[in-house]
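Dear colleague,

Please find the structure for your study below.

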Amino acid sequence: MIEKTYLRDIIAYIEDVWSVTSSYVNMRINWDTVMKLGLRLTTQDITFAIAKSKAVKALGVQVAPVGKTHIRVNVQYVPEPRGKAALNKTRKPLEIFDIIQDLKRILPNVVVKGYPDCARAIVKKDDKPDATGREPVSVLVEGYGLKNCMTTEGVDGLRTRSNNVMEAKDVLGIEAARSTIIAEISSVMGGMDIDPRHMQLLADVMTYKGDVLGITRFGLAKMRDSVLQLASFEKTPDHLFNAAVGMKRDRIEGVSECIILGQVMSIGTGAMKVVRKLGITEAEHGRKKSAFESAFASLPKTIAAAA
């Protein structure tokens, strides 16, 4: 069972009972609804789900089944300490009435079956048969819980994927997050003529650090330390001012920095330098006269002597 089921979905009613000796909240389980939903639940399972709820634990109550159809949540009154114990008391205990009202508000929202982060699950059956001749059946899940869905009985974990990049990274690793980014961009831009290598390059830039970084000023700050690159994106005065105060250096190695300064980028044709033979003879290796020396030598000798 993937989709989560709340306690309010399977109980007939919930009521508070008051007596001289005890006070409790009583619930009746509607087993007909449980059977229609196809839930494999017992009274002990429902009792355990209620008892392990954090909100119920915080109230300090006791949960116990009564027969096969009822579950009782007992509220015990804690008397106020007296004498020396009263001096060490940090807060007053909750009144029984307040606790029971909180229980009536909390109990219907307790998850008794399914994954807590899964809001809804829909079974989809394709009309077109696959290579084996069978009509493939898939489960569409709204919410989170990729790891739980992959390990669910009857689900092929190798063919299970999530469109949540961060969840894919936490469960399957950074390469799965990269593949998810490419798949989601391709899905959104499916009708546009975009080279797949552009999407792959974007995914590489976002994940090459071993973490998923967004194309924002926060993500770019983690990708590179180039001052000019950060200044070319957002908050130019702030980046330049902080770099000047911190006496930072920029090696001018990226594309943005080279464009700003009008230099050749070290990618593509600018990634290498070509060395070729110039055909210079040995006689031309000597010292060459400067432009002034050549001009002075071309003057008439009389003018040169007078000078």
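In what follows, contact means that heavy atoms lie within 4.5 Å. Helices (H or I, at least four residues) and strands (E, at least two) are DSSP runs, numbered from the N terminus. The model is predicted, so to speak of local features a pLDDT of at least 70 is needed, side-chain atom pairs count only at pLDDT 80 or more, and totals for chains, interfaces and linings use all residues. Residues are numbered from 1 along each chain as its sequence is written, and side-chain values use heavy atoms, with hydrogens and water left out.

I begin with a pair of helices. Val 165, Ala 168, Lys 169 and Leu 172 of α7 are in contact with Ile 174, Ala 176, Ala 177, Thr 180 and Ile 181 of α8. By class, this contact has seven nonpolar residues (Ala, Val, Leu, Ile, Met, Phe, Trp, Tyr, Cys and Pro), one charged (Asp, Glu, Lys and Arg) and one polar (the others, Gly among them). The axes, which are lines fitted to C-alpha atoms over the stretch in contact, come within 7 Å for α7 (residues 165-172) and α8 (residues 174-188), and cross at roughly 150°. Angles run from 0 to 180 degrees between N-to-C directions, and those over 145 count as roughly antiparallel; α7 and α8 are therefore roughly antiparallel to each other.

The next topic is the interior. A nonpolar core is a set of buried Ala, Val, Leu, Ile, Met, Phe, Trp, Tyr and Cys residues joined through side-chain atoms within 4.5 Å, where buried means under 20% relative accessible area and exposed over 50% (1.4 Å probe, protein chains only). The largest such core has 27 residues, and Leu 7, Ile 10, Ile 46, Ile 50, Leu 103 and Leu 107 have the most contacts inside it. Its largest share, five residues, comes from α5. Apart from this core lies another, of seven residues, including Ala 177, Ile 181, Met 206 and Val 212.

Thr 207 belongs to helix α9 (residues 196-207). With a relative accessible area of 8%, Thr 207 is buried. Neighbours within four places in sequence aside, Thr 207 is in contact with Ile 174, Arg 178, Ile 181 and Val 212.

Finally, most residues other than glycine have a negative phi. Met 247, although not a glycine, has a positive phi of about 55°. Met 247 lies in the loop between α12 (236-245) and α13 (255-261), and is exposed, with a relative accessible area of 72%.

Yours sincerely

Terms used:
Parallel < 35°, antiparallel > 145°, perpendicular 65-115°, else oblique.
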